[in-house]
Amino acid sequence: MHDFDVIIVGGGPTGFVTALGLAQAGVTVCVLEAEEAIIDSPRAAVYHWSVLDGLERLGIRAEAERIGFAKQDYLWLVRSTGEEIRYDLSVLEGHTAFPYNLHLGQDRLAAIARDRLEALPDAEVRFGTAMATLAQDAGGVRVAVEGPEGVEYLSCAYLVGADGAGSLVRKTLNLGFDGMTWPERFVATNVYHDFESAGYGRTTMVIDDQWGAVIVKIDENGLWRCTYMEDAALPERDYLQRLPDAYKHLLAGEGGHRLDRAAPYRMHQRAAESFRKGRVVLVGDAAHVTNPTGGYGLTTGLFDAYALWPTLAAVVLDGANPALLDIYAEERRRIYLERTSPRAIANKQLVFHACGGGAALENALDGLRLMARDADARRNGLWFVKTLETPSPVEA
């Protein structure tokens, strides 16, 4: 008999959401996280309207909205000309139960899911506990972990790798992670500053080939996320020394600012060669990574979780055919390659490179202008984030 039905390696939002869905279904779950607590460095902060149905199904949407806030507005600002293109999500009303986006740091969502998980029987969370290695056979998976009590061996029927872009689970399975790494570095900063005094929307995309930025309000106390780009050839250790100069170009509006925290990170477009190998399945950044322009990385990761947990629960609890996990793996990989990655690349080219200028920039702006003035075009454009969803194979 196994110690757990499912072990999940990685205590980020995708890992905890997957674990919560499994545990609510009656699966015995253990989450292993190498860090001592949920990582709170600046990362994803916006949840597209399309993922809110899944949070509602798990019973955590209302709490997430109480901690964060809902919003509908967008501003695309062309820095070179001052052109402002504005639209909102109101055209989705009547087409979805939750016609708005949710702004909330991803660490806060992970914490909400963790708290719900820890309240359930047969669910366990172990911080400060790292997976050292794993081995699997036809009967299950055996995991060596290193925690406060030293090395321990755990067993499970299935294991989920939710341990990020550098996934040890993926590497242990010898799965390739094909794709490319961008020659630029993103710097994500949380800063107290009055962007609204400059007329910025609560999501503002500043289009510029030198000082492009994604600027998003992340709480109701004046804290904003300002993400910009720099040459990755510059020494990463000195990024904070370069921050004041960047802020001279980025902090539009009145008054001063107070930096809350900042984090540099490399950007990639990569996907594992397979999202399943035997009794091990990958979700989120362990399976695929993208530059974050547009917020499609965590959106795709949450849709991974929504598709996986009902499938894995059916396999574990109801004896459903494990081949359903192959359908999950193939469909989620296809979505990343055909939709998530191409759109994120296009958004990066627009926001941070202004599409190279000329006709390419005008074509991209014409699409945004059409969305701003035509409700049908806006609805169709906004619907893209719904197409990143695939049903669980047991529900299809």
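Okay, hi everyone. Some ground rules before the tour. Since the model is predicted, local features need pLDDT of at least 70 and side-chain atom pairs count only at pLDDT 80 or more, while totals for chains, interfaces and linings use all residues. Residues are numbered from 1 along each chain as its sequence is written, and side-chain values use heavy atoms, with hydrogens and water left out.

Now look at the β19 end. Strand β12 (residues 177-194) and strand β16 (residues 254-272) run antiparallel, joined by 14 bridges. Then β16 pairs with β19 (residues 288-289), again antiparallel, over 2 bridges. Aspartate 178 stands opposite alanine 271, and in β19 the bridge partner of alanine 271 is histidine 288.

Next, who is hidden? Buried means under 20% relative accessible area, exposed means over 50%, and partly exposed is in between, using a 1.4 Å probe and protein chains only. And contact, or touching, means heavy atoms within 4.5 Å.

Take phenylalanine 195, in the loop between β12 and β13. Is phenylalanine 195 buried or exposed? Buried, because its relative accessible area is 0%. Leaving out residues up to four places away in sequence, phenylalanine 195 touches Tyr200, Ile215, Trp224, Cys226, Leu250, Leu251 and Ala252. Isoleucine 215 is 20 residues from phenylalanine 195 in sequence, and their C-alpha atoms are 8.7 Å apart.

Compare valine 216, in strand β14 (residues 213-217). Valine 216 is buried too, at 6%. With the sequence neighbours up to four places away set aside, its contacts include Val46, His103 and Trp224. But the C-alpha atoms of valine 216 and serine 167, 49 residues apart along the chain, are separated by 28 Å.

On to charges. Side chains of opposite charge can pair when their charged atoms come close. We call it a salt bridge when a side-chain nitrogen of Lys or Arg is within 4 Å of a carboxyl oxygen of Asp or Glu. By that rule the count is 26.

Here's one of them: arginine 185 and glutamate 230, 2.6 Å from N to O. Arginine 185 lies in strand β12 and glutamate 230 in strand β15, so this pair ties together parts that are 45 residues apart in sequence. Arginine 185 is buried at 3%, and glutamate 230 is buried at 9%. Glutamate 230 also has a polar contact of 2.8 Å with the side chain of arginine 242. A polar contact is a pair of N or O atoms within 3.5 Å; within protein, one must be able to donate a hydrogen and the other to accept it, and residues adjacent in sequence count only if both atoms are side-chain atoms.

Another salt bridge, at 2.7 Å, joins aspartate 304 and arginine 332. Aspartate 304 sits in helix α7 (residues 296-318) and arginine 332 in helix α8 (residues 324-353), 28 residues apart. How accessible is aspartate 304? It counts as buried, because its relative accessible area is 0%. Arginine 332 is buried at 0% as well.

Last stop: arginine 369 and glutamate 362, whose closest N and O atoms are 3.0 Å apart in a salt bridge. Glutamate 362 is partly exposed, at 36%. Shared partners join Glu83, Glu362, Asp366 and Arg369 into one network of salt bridges.

That's my tour, thanks!

Methods: Two strands pair if DSSP finds at least two bridges between them. Helices (H or I, at least four residues) and strands (E, at least two) are DSSP runs, numbered from the N terminus.
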